[in-house]
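Look over the sequence and the fold below.

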Amino acid sequence: MEIYLQGLTMGLAYVAPIGLQNLFVINTALTQPKPRVYLTALIVIFFDVTLGLACFFGIGALMQASVWLEMIVLLVGSLIVIWIGIGLVRSKDDTLDGGKDVNVPILKVITTACVVTWFNPQALIDGSMMLGAFKATLPAGTDLFFVGGFASASVIWFLSISTIISLFSARFTNKTLRIINVVCGAVIIFYGFKLLWSFIQLVTG
């Protein structure tokens, strides 16, 4: 139980800070009907848990062993993050009409969830360093308990924020959503350029 709780608390610390995943889930909860909100949350949970497992079992070692892989992840990831941020800032569809995107293809939801999770280099790096380091401290045979706690944190977090935002979405106006998207988009663009600068430093260093 102690190892499970360690995985749970570590998972919450990993997933709670506002990032691309949370922004995607929050925007969905503000603009979509509840069935699509929870389906989106479950899809994001799947990608988040699989990323956590990959980080826990060794993607960090691969990146540490290959400078070229690290550079590719930084370059491609930074460009994708910038593109997502620009899309938020330029969006003309900032409306809380819950039915406007009901027919968004599920494949698009899946690919977007995949992008905001697996193509976020900071999540790859932070997750690999944090989870990889923690794995080295676990007693033999307790990996599954820790992973179970980590996965539980993802389920609890994303279902909770989906529910809370959906319940209080009536308090948000179209103008509020537009402001949120512009601010979040600007932060994401800054974040993307910061990652791009890290790539430049790695190349020229």
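## A serine and its contacts

Ser162 touches Val25, Ala29, Val37, Tyr38 and Ala41, leaving aside residues up to four places away in sequence. Contact here means heavy atoms within 4.5 Å. Ser162 sits in helix α7, residues 143-167. Ser162 counts as buried because its relative accessibility is 0%. The classes are buried under 20% relative accessible area, exposed over 50%, and partly exposed in between, with a 1.4 Å probe and protein chains only.

## Basis of the model

This is a predicted model: local features need pLDDT of at least 70, side-chain atom pairs count only at pLDDT 80 or more, and totals for chains, interfaces and linings use all residues. Residues are numbered from 1 along each chain as its sequence is written, and side-chain values use heavy atoms, with hydrogens and water left out.

## Overall fold

The protein has 8 helices and 0 strands. Helices (H or I, at least four residues) and strands (E, at least two) are DSSP runs, numbered from the N terminus. Of the contacts with a separation of 6 or more, 90% join residues 24 or more positions apart.

## Helix α4

Helix α4 spans residues 67-90, 24 residues in total. From first C-alpha to last, α4 reaches 35 Å, close to the expected 34 Å. That expectation is 1.5 Å times one less than the number of residues. Buried residues of α4 include Met71, Val73, Leu74, Gly77 and Ser78. Ile80, Val81, Ile82, Ile84, Gly85 and Leu88 are also among them.

## Burial and surface

Buried residues make up 43% of the 205 in the protein. The protein exposes about 10800 Å², by the Shrake-Rupley method with a 1.4 Å probe. Carbon and sulfur atoms supply 73% of that area.
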